[in-house]
Amino acid sequence: MATNDQINIIGKGITIRGSLTGAGDLVVEGRVEGQVNLKNHLTIESSGIVEADIRADDLTINGTASGNIDAITKVSINQSAKVNGDIKATRVVIEDGAVFNGSIEMDVKLPDDI
Amino acid sequence: MANTIIGSSIVIDGEISGDEDLVIQGTVKGKISLKESLFVEASGVVEADIEVQNVEIGGRVTGNIAATDKVELKADCRVVGDVRAPRILIADGASFKGNVDMDVKER
Amino acid sequence: MAATKEFGSSESTIIGPSILISGKLSGDEDLTVRGRVEGELSLTRTLIVEPSGIVKANVAVKNAIVSGVVVGNITATESVELTKEGRMVGDIRSPRVIIVDGASFRGRVDMGNAEPRPASERPATRPAYRPATASARPATVIARPAAVPVRAGKPAPPPPPGKGDKSDKGEAKPAPPPPPAPVLVGEGGKKKVLLKKKK
């Protein structure tokens, strides 16, 4: 098991099927199918494909993700990303150019009279 | 201080209310009630009952107008409806059909 | 009272902060909402909801920039942007959707056919990301990103840790995974493939 200050990389040639659990930051440049449950930061690089339900503290997507995402703090869907699924997070950022289809659930504070 | 402008291509079907001046260059159908002044410009078309403080009409209005201060019908306007206000100005060239009520106290 | 002339040439519509419009609103010009609009709103141009603005309506526009509050669905033929002050509950249908950090949103996003843009449209160099704190009124012209050009697959030694390697982007739509290559574990004590496989 990795410790928190390690950066773990799933390289380009790698495919993981099953469930992936851990602490420490993870960078996916390859492919992950199944489930991801991570205590820290997950980065999906532009070559990365994740077909999994994802739980993480915080998530940066430059590649492809499909599945539901549950993040404690923030999900950033960057320009080159392609994401399908439902997202629950405190903050969600979608950059121009990103492709996203699905729902987003953040806490929205509306005026009282609406 | 006219903050609100309804531009010439805009069509509103419904109610407008507020506490600021309103300029209409487009089309409004329904009802307008304002605590300030309404300006219906030459391109403006209003098919609505109007309740305002002041109104200045250069365009077309169909509907009843009630102003707490003044109604001014400008030269090229076309107004069909009853007008009620303490002060009413009708310019030469305005076309107007309807009743005028200046709330003159009867003896 | 003779003030009407000064608004004569206005090409956009502003709904001031104290104004409430309820009903249907349609038009062919930009609309800035600082007050409140309820009902239905359709424009062939841009809707700007300023921080004081509230739109409680189903909206059909070309572009929408939301810095205020929108409750209702937005369908845009071009783009929808929620700025850092924007709050929205409802569904968005638009080929481009931008949500800036700080915005809050609950609802569905449908960008339609999720095809990456052709590589030919992609600028030669990757444009710098726009800062997350983009101003409330972004430039109208925004570079349309395209698919990352396909690179000949080099043999992939484990890239440097951290950010990954920007110069060696994979295909935007990678082919099915190549057969698993041998995993290089713990090179330099930093890189490590975390593999925990369960059936």
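**Chain A, order of elements.** I started by walking along chain A from the N terminus, and the elements read β-β-β-β-β-β-β-β-β-β-β-β. I counted twelve strands and zero helices there. A reminder to myself: this is a predicted model.

**Chain A, overall dimensions.** Next I looked up the radius of gyration of chain A, which is 14 Å. The globule rule gives 13 Å for 114 residues, and the value for chain A is close to that, so I noted chain A as being as compact as a globular protein of that length. I also checked the box filled by its C-alpha atoms, and along the principal axes it comes to roughly 55 × 30 × 20 Å.

**Chains B and C, the contact.** How many residues of chain C are in contact with chain B? I found 27 residues of chain C in contact with 28 residues of chain B. On the side of chain C that touches chain B, strand 1 (12–15) and strand 2 (20–27) each supply at least two residues. Strand 2 of chain C gives the most, with eight residues. I sorted the residues of that side of chain C into ten nonpolar, 13 polar and four charged.

**Chains B and C, strand pairing.** I then followed strand 2 of chain C across to strand 2 (residues 11–18) of chain B: the two run antiparallel and are joined by seven bridges. For a landmark in the viewer, I picked Gly14(B), which stands opposite Gly23(C).

Technical notes: Residues numbered from 1 in each chain as written. Chains lettered and ligands numbered in written order. Predicted model: local features only at pLDDT ≥ 70, side-chain atom pairs only at ≥ 80, totals over all residues. Contact = placed C-beta atoms within 7 Å. Helix = DSSP H or I, 4+ residues; strand = E, 2+ residues; numbered from the N terminus. Nonpolar A, V, L, I, M, F, W, Y, C, P; charged D, E, K, R; others polar. Pairing = 2+ DSSP bridges. Rg over C-alpha atoms; globule rule 2.2 N^0.38 Å.
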